[in-house]
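Dear colleague,

Please find below the structure that I am handing over to you, followed by an account of what was found in it.

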Amino acid sequence: MRLTTLAAAAVVSALAVPAFAEDLQFTLINNASQPLTNLYISLPEADAWGDDILGVDVLGVGETATVTITDGADVCAYDLQFVMENEAMVEGTADLCETNQFTLTD
């Protein structure tokens with residue numbers, strides 16, 4: 001099993017950010033039947049997805065990665081878009097302050 005560290009510069013809100021905002025970090029586990037080829041994270045009110053966090057990397061089946069969101073926003077809920085190798089997409093919103101682990105499944 002490979003452990004990868006990924007940094008995400010998610011879309012920053014136009015609102016002022018308090019000085020106590022910290023980076024969010026969570027472990028992403030790919031328990032889906034397909035490798036994960038793209039991961040996009042944005043604030044729920046954003047009109048567009050941020051950059052692909054994985055870049056040229058692929059998170060294989062059964063692999064884990066540490067994802068760090070370094071946008072400086074003082075929020076917990078983020079929209080997530082996962083794109084699998086077969087081009088299937090899964091989207092949803094997760095409260096990343098309540099968990100330090102996110103498991104992707106079919």
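Of the 22 residues in the largest nonpolar core, those that touch the most other members are Leu28, Leu36, Leu39, Ile41, Tyr78 and Phe82. A nonpolar core here is a set of buried Ala, Val, Leu, Ile, Met, Phe, Trp, Tyr and Cys residues joined through side-chain atoms within 4.5 Å. Buried means under 20% relative accessible area, exposed over 50%, and partly exposed in between (1.4 Å probe, protein chains only). At least two residues of this core come from each of strand E2 (24-30), strand E3 (36-42), strand E4 (64-69) and E5, and E5 gives the most, with four residues. Strands (E, at least two residues) and helices (H or I, at least four) are DSSP runs, numbered from the N terminus.

Please note that this is a predicted model: local features need pLDDT of at least 70, side-chain atom pairs count only at pLDDT 80 or more, and totals for chains, interfaces and linings use all residues. Residues are numbered from 1 along each chain as its sequence is written, and side-chain values use heavy atoms, with hydrogens and water left out.

Leucine 36 touches Leu28, Asn30, Leu54, Val58, Leu59, Phe82, Val83, Met84 and Leu104, not counting residues up to four places away in sequence. Contact means heavy atoms within 4.5 Å.

Phenylalanine 82 counts as buried because its relative accessibility is 4%. The structure holds one aromatic pair: phenylalanine 82 and phenylalanine 102 are stacked, at 5.5 Å centre to centre and 15 degrees between the planes. Rings of Phe, Tyr and Trp (its six-membered ring) pair if their centres lie within 6.5 Å; planes under 30 degrees apart count as stacked, over 60 as edge-to-face and the rest as tilted. The pair links distant parts of the chain, 20 residues apart, with phenylalanine 82 in strand E5 (residues 77-84) and phenylalanine 102 in strand E7 (residues 101-104).

Strand E5 also contains glutamine 81, which counts as buried because its relative accessibility is 8%. The side chains of glutamine 81 and glutamate 91 are joined by a polar contact of 2.5 Å. A polar contact is a pair of N or O atoms within 3.5 Å; within protein, one must be able to donate a hydrogen and the other to accept it, and residues adjacent in sequence count only if both atoms are side-chain atoms.

Aspartate 106, in the segment after E7, counts as exposed because its relative accessibility is 71%. A polar contact of 2.5 Å joins its side chain to that of serine 33.

Yours sincerely
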